[in-house]
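Dear colleague,

Here is the structure for your files.

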Amino acid sequence: MKKIVLWLWMVLWMVGSCSLVEAATYYVSTTGLDAHACSTTDSAGTNKLTITAGLACLSAGDTLRVHSGTYVERFVDNIPSGTSDVARITIQEYPGDTVIIRPGAGNRVMEFSGTQKYITIDGFELDAVNCSFDVVKIFSGTISAVVHDPHHIRFINCILENWPGGGQGLIWVGQGPSTPTGYGEVINCIVRNGGGNNGLYNGIYWQVPNGLIEGNEIYDVAGAGIQIYNGYVASFANTNVIRKNKVYASRINTQNKGQGIILSSGNNNLAYNNLVYGMNCSGVCAGGSAGILIYSASGHKAYNNTIVGNDTVCIEIDASNSQAKNNICWGNTNNVPFTGGSGTNNTISSNTSSDPKFVNQAAADFRVQNGSPAKG
């Protein structure tokens, strides 16, 4: 009996071992050569010249590291897929280096509109100054009966910048009819300097479910810093989490709107521990402006946010069954969170509209001191 058990254990071990493929790391530099074989690329100098050539080396679980330089490339559905969270495709800046990706022309720096999945983009400066629309567009939808559903796409430690009017910093479209998978992430990125002067064009515009937008700094944007909204199929934009972001210093725009974070369309979106300040409209913003605007659908929550010094109301809820709790509202056109429109069954409680005693508001140090009502 012991021999049979041992034999079965050895068979299972061999099957598991055969299924494991060792992940590889490949390298790109501005002094490389695309003719180098993938098998010879290393960090010491035998590198590919272009990121595009490096991508052709990758299989699930592999990493492409890019050395310092400005790369005049754009990427349209040519980044390969991983197979799971532990076997992602990772494309990253070489540690300590500075990599700028700046196409010479084209619609966007990066586009995903197929079935790409489990991809991490890490550490790049994505510059759309020569592009026609967005920095990044991800498309989930059906065209000519073909379903496009990229999912588990992660941007981390990147800079997205310089997109023109008519474009977004990052837009993830959810068009349908099939429900997108989503599960995208934008983490610790800087999103800045875009949208022209049209208040319809945003830093991050998100139409799909299950997203995480965390720890980003978003400023000098014409539209909302972060907008969860879907004009195609409203029920798609569900269960997204927006946390620990800093949204500030919006541009004066032709819509005269100031919108920090918008939770809308789908149900049960959550915003907490965000900082929104300096949303500007040269005075009082037009209707629909707010530090955090919650409208349509149901079950949204905004709590523990700091909303300060905006030409807007602090928080407005026009959805139903939604909550605004434990937020700091100070120095805005209207510091009292309120429910308007046709929304019902909303909860507004424990928000602070007294002086929160910031350490140094003029220097954008919004930590609260002892004795602050926000510490009560």
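Before the rest, a note on the basis. This is a predicted model, in which local features need pLDDT of at least 70 and side-chain atom pairs count only at pLDDT 80 or more, while totals for chains, interfaces and linings use all residues. Residues are numbered from 1 along each chain as its sequence is written, and side-chain values use heavy atoms, with hydrogens and water left out.

A search of the whole structure gives three disulfides. Another of them pairs Cys 38 with Cys 57, with the sulfur atoms 2.0 Å apart. Cys 38 sits in the loop between strand 1 (25-28) and helix 2 (51-55), and Cys 57 in the loop between helix 2 and strand 2 (63-66), so the bond ties together parts that are 19 residues apart in sequence. Helices (H or I, at least four residues) and strands (E, at least two) are DSSP runs, numbered from the N terminus. The torsion about the S-S bond of Cys 38 and Cys 57 is about -80°, so this disulfide is left-handed. Cys 38 counts as partly exposed, at 26% relative accessibility, whereas Cys 57 counts as buried at 8%.

The sulfur atoms of Cys 314 and Cys 329 are also 2.0 Å apart and form a disulfide. Cys 314 belongs to strand 29 (residues 313-317) and Cys 329 to strand 31 (residues 328-330), so this pair ties together parts that are 15 residues apart in sequence. The link of Cys 314 and Cys 329 is left-handed, at -70° about the S-S bond. Cys 314 and Cys 329 are buried.

If the bonded cysteines of the protein chain are numbered in sequence order, the pairing reads 1-2, 3-4, 5-6. Cys 131 takes part in no disulfide, and the nearest cysteine sulfur, that of Cys 158, is 15 Å away. Cys 131 is buried, with a relative accessible area of 7%. For Cys 189, the closest cysteine sulfur is that of Cys 158 at 4.7 Å, too far for a bond. Cys 189 is buried, with a relative accessible area of 1%.

Regards

Key
A disulfide is a pair of cysteine sulfur atoms within 2.5 Å. Buried means under 20% relative accessible area, exposed over 50%, partly exposed in between (1.4 Å probe, protein chains only).
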